[in-house]
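The sequence and the structure come next.

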Amino acid sequence: MQRFLRRVALPGLLACVFPALAGQPAAIDSAKASFVARQTALGFSETQINDFLAKAQYNQKVIDAISRPWEAKPWHQYRPRFLTETRLKAGLAFWQANEASLSRAAETFGVEPQMIVAIIGIETHYGKTMGNFPVRDALYTLGFYYPPRADFFLKELAELQQLEKDEQLDVSSLKGSYAGAMGLGQFMPSSYRYYAVDFDGDGRRDLLGSVDDAIGSVANYFHQHGWQPGAPVAIRVMPRTDISPDARLWDGKPLSMSVAEVLGKDLGLSDSRDLNAAQPAMLVKLEQENSNEYWLGLKNFYVITRYNRSPLYAMAAYEFSEQLKHAHAKP
């Protein structure tokens, strides 16, 4: 995922908490001891665990990259990076080349082809930019030397060792994003383990080399997180008064407000449509150069944020999917 930072709450033992780090030797040693104990409980020998860790290296470029994510930029700077004519043309070519697989994924998982194509296009430009960071080094660096999200990345490092065993991956040569996401759809190790599917029927779940597996796995990820085929994703809303709606902006947590509560009396839909006012919703603000836009995000918008938690990412994916759908439908 992404840009990534996704993506999934882990069951059972995966929910254990690693100690917070301060970048100090004692804290790192303590975290490594906890990592070894946890992996031992899952069936790995201390020799296997220590060998796995010994092959990892600290990478300062990983810390530099996560310190300046694109998701921190305003919408008017974020959007042009992902919504381009070049990416649209590449997306249409990818759709045409993989029409049968995309149609089968849509039928199997109930996720529209344009959304699958949009996600793969935004994540890796259809395989052109899958990342040059050694995945193990990235997760090791962020797990042991990046306190703000150490717990998450240590769990992902643990998942990578399990993934290496389950899928027979050559972890030593595995490359991905600065956050440890890999393959055409940029799955984190946990997402790879729990949501990847063998969609080409060759007996392997290969998100690195199989386009079919990547298509099916992205569709399955959306399906498992509650995507509703044919349902609306986001609707622009317009202020009716001078009252600022910012207090209702989405806080990143599961949806807790209804459409009626989000809109209140001071926001109205930009078009006339029937909409269930009791359904869950969120309010998203997009910063343009000279003004702000407000959008009502519905359940499907929230599902996109399970792939990447940034509302900017979700809006870019939705807008790109709409561009793809309309361009693909043209004769």
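The charged end of K165 sits over the ring of F44, at 5.5 Å from the ring centre. A charge counts as over a ring if NZ of Lys or CZ of Arg is within 6 Å of the ring centre and within 35 degrees of the ring normal. R104 is placed over the face of F199, 3.8 Å from the ring centre.

The model is predicted, so to speak of a local feature requires pLDDT of at least 70, side-chain atom pairs count only at pLDDT 80 or more, and totals for chains, interfaces and linings use all residues. Residues are numbered from 1 along each chain as its sequence is written, and side-chain values use heavy atoms, with hydrogens and water left out.

A pair of aromatic rings is described by the distance of the centres and the angle of the planes. Rings of Phe, Tyr and Trp (its six-membered ring) pair if their centres lie within 6.5 Å; planes under 30 degrees apart count as stacked, over 60 as edge-to-face and the rest as tilted. The structure holds 16 aromatic pairs. One of them joins Y58 and Y145 edge-to-face, with 4.8 Å centre to centre and 70° between the planes. This pair links distant parts of the chain, 87 residues apart: Y58 is in the loop between α2 (46-54) and α3 (60-66), and Y145 is in helix α8 (residues 135-145). Helices (H or I, at least four residues) and strands (E, at least two) are DSSP runs, numbered from the N terminus.

Y58 counts as partly exposed because its relative accessibility is 38%. Y145 is partly exposed too, with a relative accessible area of 28%.

The rings of F222 and Y307 have centres 5.8 Å apart and planes at 40°, so this pair is tilted. It links distant parts of the chain, with F222 in helix α11 and Y307 in helix α13 (residues 299-307), 85 residues apart. Both F222 and Y307 are buried.

N220 counts as buried because its relative accessibility is 7%. Leaving aside neighbours within four places in sequence, N220 is in contact (heavy atoms within 4.5 Å) with F109, Y195 and V197.

S177 is in the loop between β2 (175-176) and α10 (189-195), and at 11% relative accessibility S177 counts as buried. Beyond its neighbours within four places in sequence, S177 is in contact with M130, G131, F133, A138 and Q186.

Backbone angles single out two further residues. Most residues other than glycine have a negative phi. H125, however, has a positive phi near 50° and is not a glycine. H125 is in the loop between α7 and β1 (133-134) and is buried, with a relative accessible area of 14%. Q168 also has a positive phi, of about 55°, although not a glycine. Q168 lies in the loop between α9 (150-167) and β2, and at 66% relative accessibility Q168 counts as exposed.

Technical notes: Buried < 20%, exposed > 50% of the residue type's maximum accessible area, 1.4 Å probe, protein only.
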